Amino acid sequence: MQRKLHPLEGIVAIFALVFVLALSIGFAQAGEPKKVVLRSNSALVLDAATGEVVFDKNGDKLTPIASITKLMTAIVMLESGLDLEAPVALAREDVDMKKGSRSRLRTGAMLTRDELLLLSLMASENRAAAALGRSYPGGTQAFVAAMNDMAAELQMGDTRFVDPTGLSAGNVSSARDLAKLVRAAHGYPLIREYSTRDKATVLLSGKQKMNFHNTNGLVRNSRWEIDLSKTGYISEAGRCLVMQVRLASKDLIVVLLDSWGKQSRTGDANRLKRWLEASASRS
């Protein structure tokens, strides 16, 4: 005759079953990377070699891009074939009248185009970028037209430029388009070098030394291998960051847009790094 289970034995059996199920689910979840939560409103990670989308959050959303604009400014300047060693005097027209942003470059100071390019990419100097556009044949208006022509050539259909600095909220794009811009900019050795340089000293008018640092602190972090970098910020765009990096044994394009909080874009970059490395270790 089959023995009936004591009520306590039944309860113990149920708890044992629940424990085994929970343990099984836990092991299953342990084999999968946790989803990464970012503060940036738009984000995209692409495999630079294959174009495969690794991460996408509102990648097609149109948004102001602030100083990410300066990557296109650099491309147009280098494509122009203009003499980079030619001196350019900073003018009153280069002063920011839109946002009232500060600059250590005083009007009347003389710098070469090469130095202006370096400061635009590394230190995100607005007057330097404005001077590059103004010194272009036909002036700033012709330069902006060339920027939009290049965007069309790169099939950046969501993108529009109205100035070479990014101070205008009229400079708009999407994370997906900016990945194309990063890919194109990465093809220029000078952009790669200048955008990832930690610091530099320039001589204003050939005599006054002035030190500048990269606006992306991650270039000073030995745990990051960054081949290209550009930050951006205006109130309408939030904190922005684009990079091409070597991460988890892959070359990746990272685009982070409209992130709020001074350190949030850097925090998002580090969150992505940990997530990608954890995913790679499980594959």
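Student: Which helix gives the most to the lining of the second largest pocket?

Tutor: This is a predicted model, so keep that in mind throughout. Helix H4, residues 126–134, gives the most, with three residues. The whole lining of the second largest pocket is 15 residues. Glu93, Val95, Lys98, Ala130 and Thr165 are the ones nearest its centre. The pocket holds about 230 Å³ of space.

Student: What classes of residue make up that lining?

Tutor: Six are nonpolar, three polar and six charged. Lys and Glu count as charged, and Val and Ala as nonpolar.

Student: What is the volume of the largest pocket, and what lines it?

Tutor: Its volume is about 770 Å³. There are 26 lining residues, and Ala123, Ser124, Thr215, Thr231 and Arg265 lie nearest the centre. Strands E8 (208–213), E9 (225–234) and E10 (238–247), together with helix H8 (264–282), each supply at least two lining residues. The largest share comes from E9, with four residues. By class, the lining has six nonpolar, 14 polar and six charged residues.

Student: How many aromatic pairs are there in the whole structure?

Tutor: A search finds two.

Student: What makes phenylalanine 55 and tryptophan 275 a pair, and what kind of pair is it?

Tutor: Take distance, then angle. The ring centres are 5.8 Å apart, and pairing needs them within 6.5 Å. The planes stand at 75 degrees, and the cut-off is over 60 for edge-to-face. So the pair is edge-to-face.

Student: What does that pair tie together?

Tutor: Phenylalanine 55 is in strand E2 (residues 53–57) and tryptophan 275 is in helix H8, so the pair ties together parts 220 residues apart in sequence. Both phenylalanine 55 and tryptophan 275 are buried.

Student: Why is the contact of tyrosine 136 with phenylalanine 143 given the name it has?

Tutor: Apply the angle test again. The planes of tyrosine 136 and phenylalanine 143 are at 80 degrees, with ring centres 5.1 Å apart, so this pair is edge-to-face. Tyrosine 136 is buried, and phenylalanine 143 is too.

Student: What makes arginine 104 count as lying over the ring of phenylalanine 212?

Tutor: Arginine 104 lies over the face of phenylalanine 212, at 4.6 Å from the ring centre. The limit is within 6 Å, and within 35 degrees of the ring normal. Lysine 273 also lies over a ring face, that of tryptophan 224, at 5.9 Å from the ring centre.

Student: Why does the length of helix H2 agree with what a helix should span?

Tutor: H2, residues 69–80, has 12 residues, which should span 16 Å at 1.5 Å a residue. Its end C-alpha atoms are 17 Å apart, which agrees.

Student: What makes H2 mostly covered?

Tutor: Nine of its 12 residues are buried. Buried means under 20% relative accessible area. Among the buried residues of H2 are Thr69, Lys70, Leu71 and Met72. Just after H2, glycine 81 takes a positive phi of about 75 degrees.

Student: Which class does glutamine 155 fall in, exposed or buried?

Tutor: The exposed class starts over 50%. Glutamine 155 has 61% relative accessibility, so it counts as exposed. Glutamine 155 is in the loop between helix H5 (139–153) and strand E6 (172–173). Its phi is near 60 degrees, a positive value in a residue other than glycine.

Student: Why is serine 205 put in the class it is in?

Tutor: At 38% relative accessibility, serine 205 counts as partly exposed. That class runs between 20% and 50%. Serine 205 lies in the loop between strand E7 (199–204) and E8. Its phi is positive as well, near 55 degrees.

Student: What class does glutamate 236 get?

Tutor: Glutamate 236 has 37% relative accessibility, so it counts as partly exposed. It sits in the loop between E9 and E10.

Student: What makes methionine 97 exposed?

Tutor: Its relative accessible area is 72%, and exposed means over 50%. Methionine 97 is in the loop between strand E4 (87–89) and strand E5 (110–112). Methionine 97 and leucine 167 are 70 residues apart in sequence, and their C-alpha atoms are 9.4 Å apart in space.

Terms used:
Residues numbered from 1 in each chain as written. Predicted model: local features only at pLDDT ≥ 70, side-chain atom pairs only at ≥ 80, totals over all residues. Heavy atoms only, no water. 1 Å grid on protein atoms, 1.4 Å probe; cavity = no way out; pocket = protein on both sides within 12 Å on 5 of 7 lines; lining within 4 Å. Points joined across faces, edges and corners; volume = space filled by probe spheres on them. Phe/Tyr/Trp six-rings, centres within 6.5 Å; stacked < 30°, edge-to-face > 60°. Buried < 20%, exposed > 50% of the residue type's maximum accessible area, 1.4 Å probe, protein only. Expected span 1.5 Å × (residues − 1).
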